[in-house]
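Please read the following note with the sequence and the model open side by side. The points are numbered so that each can be checked in turn.

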Amino acid sequence: MSAAKPALRLSALAPYLQATPLGLVLAVFLVIPILTIVIVSFWDYDSVMIYPDFIFLNYEELLGSHVTWKTYLNTLKYAAFVWAFTLGIGFTVAYFVAFHVRSSTAQMALFLVCTIPFLTSNIIRMISWIPFLGRNGIMNQTLMGLGLTDEPLEFLLFSDFSVILTFVYLYAQFMIVPIFNSMMRIDRNLIEAARDNGASGFQTLVNVIIPLTKSGILIGSIFVVTLVMGDFITVRLMSGGQSASVGLMIANQISLLQYPAAAANAVVLLIIVLMMVAAMLRVVDIRKEL
Amino acid sequence: MGSERKGLGYWLLAGFFCLFVLFLYGPTITIMILSFQGENGGLTFPMNGFSLHWFGRLFEQQAVGDFGGSISRSLILGLVVTVVTVTVSLAAGLAFRRRFFGATPLFYMAIASLIVPSILVSLGIGLMFNVLGIEPTWITSALGAHLTWTLPFGLLIMFAVFNRFNRAYEEAARDQGASPWQTLRHVVVPILLPSLIGVGLFGFTLSYDEFARSLMTTGSYNTLPLEIYGMTTSVTTPVLYALGTVTTLLSIVVITATLLTLTWVQRRRAGKGSDAGKAA
C-alpha cells in the first residue's frame with residue numbers, strides 16, 4: 001500500500017539491504033564462533049597445541065568428573081538464589097515507581113536513578129564491596145560498634161554470601177527495567193475496575209498486576225539466569241577462589257590453553273542454558289504476552 | 001487508586017526503595033571517598049588524612065600497568081561500537097518493519113546473541129581466529145565480540161521505537177516528492193534522534209565496560225576493564241579506588257552529556273513548535 005509503484009523493485013530489495021549488516025555481524029561473530037566451539041570440542045590437545053580430530057574424550061573427561069557436577073550444581077544454586085532475590089527486589093522497586101509515584105517526571109527520574117549504575121563498570125562496582133565486607137570493613141565495624149558481635153564476621157567477604165550479594169547488586173536492573181516496562185503498559189482503568197469491584201490492594205496485585213507483568217518478569221528472569229550461569233569474574237573476585245562456577249571452570253581451562261576441554265564444557269553449558277530458557281518460555285508464552 | 005494511597009503500604013514501599021538506592025550507590029560513593037585516602041591510608045576506613053596521592057600514582061606507568069593506553073583504546077573502541085550499533089540497528093529496525101525472507105531466523109539469532117553466555121562468545125571468537133591463524137586485536141575481534149552484545153539491545157530498542165512511530169510523517173514526505181533517502185535523512189532520523197542517541201549511549205557504555213567478551217578477543221593490548229581486572233589481583237592499595245573513581249566519573253560524564261543533549265534536542269523542538277518529537 002505504501003510502496004510507490006515505480007520504486008517497487010528497489011523497495012522490495014530494501015529490507016534485505018537494511019538487514020544484511022546485522023546478519024553479517026551475527027553470522028561472523030556469533031554463529032561461526034559457536035560452530036567453531038562445537039567443532040573444537042571434538043579435537044585433541046597437548047600442552048602446546050590443539051589438533052583436528054574427532055574424539056569424545058573431552059566430553060568423557062568432563063562428564064566423568066564429579067568436580068564438574070559439583071560445579072554445575074553450585075552454579076545452579078547461585079542462579080536460583082540470585083533469581084529469587086532480584087525478582088523480589090526488582091518487582092517491589094518497579095511496583096513502587098510504577099504505581100505509587102504519581103507524576104511522570106518523578107517516575108522518570110526515579111527510573112533513571114535505578115538504571116544509571118548499570119551504565120558504569122561492573123568490575124569497579126564489584127571492587128567497591130571490598131571496603132564494606134572485609135574483615136575490618138564497614139559492615140564489621142558497624143556490627144561491632146553496635147555490639148551485635150564481638151569479633152569480625154569472616155563470612156562476609158570471599159564466600160557464597162558475597163558472591164550472591166554482588167550478583168544481586170549487579171543484575172537487579174535487568175529485572176527492574178523489563179518489569180517496570182510491562183507495568184507502565186498496564187491500562188490504569190483495569191486497576192480502577194478491580195478496586196470498584198471491591199478488590200483489596202493485595203488482591204489487585206495478585207490477580208491483576210502480577211498476571212499482566214508476566215512478560216516483564218520472564219524477560220528479566222532470562223537475563224538474570226543466563227548472566228549468572230555464564231559468569232566467571234564475579235565468582236572469581238568475590239569468592240576469592242573459594243567457590244567454583246561453570247564460567248570460572250571454562251576460564252581456567254582457557255588460561256591453561258586446554259581449548260578443546262573448554263569448548264566441550266562451553267557446549268554443555270550452552271545446552272543447559274538453552275534448556276533453562278526453553279523451560280521458562282514454556283511457563284510464559286512470550287509471543288502471546290507481547 | 002485514590003487518595004488513601006499514601007497509607008502504610010506507600011511508606012513501606014518508599015522505605016524499601018530508599019534502601020535499594022542506598023544499596024545501589026553506597027559502595028560506589030564509599031570507594032570514591034576512600035580514593036582520597038592519605039598516603040599512609042589503607043583499603044578501608046578510617047581515613048588517614050586526605051590526599052590526591054593515589055590519583056597521582058594512577059598515571060605512573062609501573063604502578064598500574066598501561067592505564068593511559070588502555071583507557072584510550074577503550075574510548076576509541078566504545079566510539080566505534082557506538083557508531084556501528086546506531087547505524088546497523090537503525091537499518092535493521094527499518095528492515096523489520098516489513099516482511100522479508102529470513103526475518104524470523106535473523107530475529108532469533110539476535111535474541112540468541114543476548115542469551116548465549118559471554119564467555120562462549122569470547123572463547124568462540126578466540127578459537128575462530130586461532131584456527132584461521134589470525135591474530136586477535138582489540139579493534140577487530142573485540143569489536144565484533146562487543147557488537148554481539150550491543151546490536152541485539154539496539155535492535156530491541158528500535159522495535160519499541162518503530163512500534164510507536166507514526167508512518168504518516170513518512171507518507172507525507174513521500175507525497176511531497178521526497179526520495180526514500182531524503183525521507184530517511186530529513187524525516188525519520190530527526191524524529192528518532194532521541195532514541196538513536198539512547199541506543200548510542202547504550203552501545204558506548206556496554207562496550208566501555210565489557211569484560212567477559214573482551215577476554216579472549218583483545219589480543220596483546222588490553223582494554224580498560226581487562227587492565228582493571230589485572231589490577232584487582234595485584235594491586236592492594238587505594239590506587240584501585242582512584243582508578244574506580246576516574247572510570248566511574250568518565251561514565252557519568254558520558255551519561256550526563258547524553259542526557260543534556262537529549263534535553264537540548266527536546267527543548268529545541270518545543271521551541272520550534274514542532275510536534276515531531278511526540279511521535280517517537
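This is a predicted model: local features need pLDDT of at least 70, side-chain atom pairs count only at pLDDT 80 or more; totals for chains, interfaces and linings use all residues.

**Note on the two chains and selected residues**

1. Across the interface of chain B and chain A, the rule finds zero salt bridges, a salt bridge being a side-chain nitrogen of Lys or Arg within 4 Å of a carboxyl oxygen of Asp or Glu. Helix H1 (residues 8–34) of chain B gives the largest share of the side of chain B that touches chain A, namely 16 residues. Helices (H or I, at least four residues) and strands (E, at least two) are DSSP runs, numbered from the N terminus. The residues on that side of chain B divide into 63 nonpolar, 18 polar and seven charged. Here Ala, Val, Leu, Ile, Met, Phe, Trp, Tyr, Cys and Pro count as nonpolar, Asp, Glu, Lys and Arg as charged, and the others, Gly among them, as polar.

2. Residues are numbered from 1 along each chain as its sequence is written, and chains are lettered from A and ligands numbered from 1 in the order in which they are written.

3. How many residues of each chain are in contact at the interface? In chain B there are 88, and they are in contact with 91 residues of chain A; contact means heavy atoms within 4.5 Å. The size of an interface is often given as the accessible area lost when the parts come together. Between chain B and chain A the buried area is about 7700 Å², of which carbon and sulfur atoms give 80%; this is the accessible area (1.4 Å probe) that two parts lose on being put together, summed over both.

4. Confidence is reported as pLDDT, the predictor's confidence in each residue, from 0 to 100. Chain A has a mean pLDDT of 87, and 94% of its residues reach 70 or more. Within chain A, confidence is lowest in helix H15 (residues 286–289), at a mean of 59, and highest in helix H3 (residues 66–100), at 94.

5. The secondary structure of chain B comes to 11 helices and zero strands. Its C-alpha trace spans about 70 × 65 × 35 Å along the principal axes. Of the 280 residues in chain B, 52% are buried, where buried means under 20% relative accessible area, exposed over 50%, and partly exposed in between (1.4 Å probe, protein chains only).

6. Is Ser35(B) buried or exposed? Ser35(B) counts as buried because its relative accessibility is 0%. Ser35(B) lies in the loop between H1 and helix H2 (53–58) of chain B. Not counting residues up to four places away in sequence, Ser35(B) touches several residues, including Trp54(B), Phe55(B) and Tyr241(B).

7. Pro152(B) is found in helix H7 (residues 141–163) of chain B. With a relative accessible area of 2%, Pro152(B) is buried. Residues up to four places away in sequence aside, Pro152(B) touches Ala110(B), Ser113(B), Leu114(B) and Leu147(B). Pro152(B) and Leu132(B) are 20 residues apart in sequence and 26 Å apart in space, C-alpha to C-alpha.

8. In chain A, Asn74(A) has its place in helix H3. Asn74(A) is buried, its relative accessible area being 17%. Leaving aside neighbours within four places in sequence, Asn74(A) is in contact with Asp160(A), Ser243(A) and Ala244(A).

How values were computed
Side-chain values use heavy atoms; hydrogens and water are left out.
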